Amino acid sequence: MKPEQNPITPRRFRPAALTASTLFGLILAGCATTPPTGSEPPPEDIRYALERGDCRAAYSALDTADAPASVDVRLSVARVCLQRGEFARTRNLTDTIRQENPDHPDIDYAAYLGALAHLGTWNRAASAPPQQRSEQGRQVFLRLAAFLNDYPMSEYAESIAPRLARMRENLADIELEIADRSAAAGHAEEARARIEYVRDYYPGTTAAQTAAERLEARDAGEDDAGD
């Protein structure tokens, strides 16, 4: 990926070379760069923390600063925190930016980082029970969809869209897993209702195709049994 195509670097920020310390960011968002250069340089302590990729030090420096940091600086810290998997800090920063600076030219970038932070939190909880994964996943899905609805012309939309599609596939798979668990527990009607839900509400997914095939096979079996 070319630096100018980097999906987690704001349009006004200067790209730079990748480093080994941004591995988590590579996994989460495809590419990552060194701290950006916005309209206002960060204070020295924050700049040093950003250069080291130290989310926690940069975040703490924001709290102890004599004056509120600019939006550009806070976005830089939020991006580093996202790369480091510090999703709660990323959400805190981006939520505050969106509340306090709704007309900032990079407000879509703040929303984008926040959406990725929610997605990262959900992905990290992969070992949670399927029902919990489903409920939390639907909320994250709505956040990603809201980004596309709120910022349809944003250059970051093209990064959100495929993530939304993959998440839809994942949610359909989870719903099918819940159906399987219900069937294994002897709750046949509940399992069938869940399978029908996957077929009807996740059309086009692999799980929906599987659900449709299962329903057809069961209906055919019931017809044969009645003959």
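Predicted model: local features only at pLDDT ≥ 70, side-chain atom pairs only at ≥ 80, totals over all residues.
Residues are numbered from 1 along each chain as its sequence is written, and side-chain values use heavy atoms, with hydrogens and water left out.

**Stop 1: α2 and α3**

Select residues 44–52 for helix α2 and 55–64 for helix α3. Helices here are DSSP runs (H or I, at least four residues), numbered from the N terminus. The two pack at an angle of about 160 degrees, and their axes are 8 Å apart. Axes are lines fitted to C-alpha atoms over the stretch in contact, and angles run from 0 to 180 degrees between N-to-C directions. So α2 and α3 are roughly antiparallel to each other (that label is for angles over 145 degrees). Their crossing is left-handed, meaning the near helix is turned anticlockwise from the far one by less than a right angle.

Now show side chains. Contact (heavy atoms within 4.5 Å) is made by Asp 45, Ile 46, Ala 49, Leu 50 and Arg 52 of α2 with Ala 57, Ala 58, Ala 61 and Leu 62 of α3.

**Stop 2: α4 and α5**

Next, pick residues 71–83 (α4) and 87–100 (α5). Here the axes come within 8 Å and cross at roughly 155 degrees. That makes α4 roughly antiparallel to α5, and this crossing is left-handed too. Among the residues touching are Val 71, Arg 74 and Leu 75 of α4, along with Phe 87, Arg 89 and Thr 90 of α5.

**Stop 3: the aromatic rings**

Which residues form one aromatic cluster? Select Tyr 109, Tyr 112, Phe 147, Tyr 151 and Tyr 156 to see them. Rings of Phe, Tyr and Trp (its six-membered ring) pair if their centres lie within 6.5 Å, and planes under 30 degrees apart count as stacked. By this rule there are seven aromatic pairs.

Zoom in on Tyr 112 and Tyr 156: their ring centres are 5.0 Å apart and their planes sit at 20 degrees, so the pair is stacked. Tyr 112 lies in helix α6 (residues 107–124) and Tyr 156 in the loop between α7 (130–150) and α8 (157–184), so the pair ties together parts 44 residues apart in sequence.

Are these two buried or exposed? Tyr 112 is buried, at 0% relative accessible area, and Tyr 156 counts as buried at 1%. Buried means under 20% relative accessible area (1.4 Å probe, protein chains only).

Note on methods
Parallel < 35°, antiparallel > 145°, perpendicular 65-115°, else oblique. Phe/Tyr/Trp six-rings, centres within 6.5 Å; stacked < 30°, edge-to-face > 60°. Buried < 20%, exposed > 50% of the residue type's maximum accessible area, 1.4 Å probe, protein only.
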